[in-house]
Amino acid sequence: MRIAIIGGSTAGLATALRLQLSGHDVSVWERRAGAPTGGLGLLLTPSAGRGIERIGVDIGARAHPIEQCEILEGNGPTILSVPMEAAGVEREVLVDALSSHLQPGTLHSGSSFVDFETDERGHARAALFGDGTRVEADLFIGADGVRSRVRRRHVPGPPLAPVRTVELVGMCRGDRVPESMRGRFFKSIRPGEGIAVGLVPASDNSVIWYVQCDPGRWPQALLAMEERRRWLLSEVRRWPAVVEETICGSDLAGLHLWRTTDRDLPAGFHRTNVLLVGDAAHPLLTFTSQGTGSAIEDALAIGDILDDHGPAGADAMDRALREFARLRRPVLRRRLQMGRRMQREFLRPSRRFMPEVPVCA
Ligand SMILES: Cc1cc2nc3c(=O)[nH]c(=O)nc-3n(C[C@H](O)[C@H](O)[C@H](O)COP(=O)(O)OP(=O)(O)OC[C@H]3O[C@@H](n4cnc5c(N)ncnc54)[C@H](O)[C@@H]3O)c2cc1C
């Protein structure tokens, strides 16, 4: 089958790899030109790690195993210390590893999807790109992220929820992650204040950090870059020494503001022969660290379903894409609910706080 994937990040690349394993004729269309930039790091769950292996990619030595989760209240005391099974990885490492396993000529960079050309039944015949490229396919997959244009143009559904938390994300690079942080996910929360900081080693010499906050109470997080940096450098003095050292030791030019959001689950993730996967289909709040894992699982699911159904014709295609939603919705619903519960807890003005490990199975 000819399959055109729009968006060449985790979801798009993993889906392309899985579909190529089944012999499909796959192309990926990514609006960014050149190598992936932006984005810092991710926490991979064990199931995401297994999924990556299933599509033939080994990032083992380039990820940092995380075995312990420590959550502190402000500067102390520890309110949760439990074993944890995950791995930190730099986003660029993951995207590079996935793209380097694609068949040559699969990935087309610098092409921004604009719209579909449809037939009289509303089936997409071709995807149209800003640079004039027109791509015909039997199946189109929108993997173009939270603010998906494919979704807006072709696969209606619930709107994005309003942004209620934002994250400032950065990376500290050094010779070596300090011994005290190796294998450790560290979070410090100020209950009732709507602000928390997390540290995740993402390789042997880099630590990703994020400041998660309620922008209603911390509008400084939304200030212009220079003022935002100044606020951050004064704010970190109130945090444990390891946080202050990590953030002050970072190149703050790469500071990234992330407006986290989610979306009610739609009944289905497709219309006609256009399917959504990854954040385009089901953006999840960051509290559960499941964006990447869910994208990888989508890739495996659609590959397995097409193997079983081998759709020929519009009805068979529709059945196969319905099956995708039937399989994926229950898992995603659990993650969506857990993320919302954790966000509510985080935003509550009360100082009573029930910490949870910020990874959902
Ligand atoms: C710049 C960036 C930084 C991120 N940083 C982090 C992070 O530090 N930690 C973390 O946990 N998660 C991060 N994420 C999110 C994480 O990558 C996703 O939650 C998860 O991997 C699922 O990915 P996805 O492929 O569905 O969506 P995304 O990773 O958002 O990828 C969507 C892709 O589609 C492309 N695209 C969008 N519109 C079009 C268009 N019209 N035509 C063609 N291509 C298009 C985008 O350029 C992008 O490459 C980041 C995402 C991005 C885009």
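Helices (H or I, at least four residues) and strands (E, at least two) are DSSP runs, numbered from the N terminus. This is a predicted model, in which local features need pLDDT of at least 70 and side-chain atom pairs count only at pLDDT 80 or more, while totals for chains, interfaces and linings use all residues. Residues are numbered from 1 along each chain as its sequence is written.

View 1. Along the principal axes, the C-alpha atoms fill a box of roughly 60 × 40 × 40 Å. Of the 361 residues, 45% count as buried. A residue is buried if 20 or more other C-beta atoms lie within 10 Å of its own, exposed if 12 or fewer, and partly exposed in between, with C-beta atoms placed from the backbone. Among contacts with a separation of 6 or more, 71% are between residues 24 or more positions apart. Two residues are in contact if their C-beta atoms, placed from the backbone, lie within 7 Å.

**View 2. The cis peptide bond between Gly 76 and Pro 77.** Omega of this bond is about 5°. Pro 77 sits in the loop that runs between strand S4 (64-73) and strand S5 (78-90).

**View 3. The packing of helix H7 (residues 291-309) on helix H8 (residues 314-347).** The two helices pack at an angle of about 150°, and their axes are 10 Å apart. Axes are lines fitted to C-alpha atoms, for helices over the stretch in contact, and angles run from 0 to 180 degrees between N-to-C directions. H7 and H8 are therefore roughly antiparallel to each other. Angles under 35 degrees count as roughly parallel, over 145 as roughly antiparallel, 65 to 115 as roughly perpendicular and the rest as oblique. The crossing of H7 and H8 is right-handed. A crossing is left-handed if the near helix is turned anticlockwise from the far one by less than a right angle, and right-handed if clockwise. From H7 the contact includes Ser 294, Asp 298 and Ile 302, and from H8 it includes Arg 319, Phe 324 and Leu 327. By class, the residues of the contact of H7 with H8 are 9 nonpolar, 2 polar and 5 charged. Ala, Val, Leu, Ile, Met, Phe, Trp, Tyr, Cys and Pro count as nonpolar, Asp, Glu, Lys and Arg as charged, and the others, Gly among them, as polar.

**View 4. Helix H1 (residues 10-21) against H7.** The axes of H1 and H7 are 8 Å apart, at an angle of about 25°. H1 and H7 are therefore roughly parallel to each other. H1 passes H7 in a right-handed crossing. Among the residues in contact are Ala 11, Ala 14 and Arg 18 of H1, with Ala 295, Asp 298 and Ile 302 of H7. The contact of H1 with H7 divides into 9 nonpolar, 4 polar and 2 charged residues.

**View 5. H1 against helix H3 (residues 91-100).** The axes of H1 and H3 come within 9 Å and cross at roughly 25°. That makes H1 roughly parallel to H3. The crossing of H1 and H3 is left-handed. Thr 10, Leu 13, Ala 14 and Leu 17 of H1 meet Leu 94, Val 95, Leu 98 and Ser 99 of H3. This contact of H1 with H3 has 6 nonpolar, 2 polar and no charged residues.

**View 6. The loop between S17 and H7, with Ser 289.** Phi of Ser 289 is near 50°, a positive value in a residue other than glycine. Ser 289 is buried, with 24 other C-beta atoms within 10 Å. Phe 287 lies in the loop between strand S17 (274-276) and H7, and is buried with 25 other C-beta atoms within 10 Å.

**View 7. Leu 128 in strand S8 (residues 124-129).** Leu 128 is partly exposed, having 15 other C-beta atoms within 10 Å. Leaving out residues up to four places away in sequence, Leu 128 touches Val 114, Asp 115, Phe 116, Glu 117 and Arg 134.
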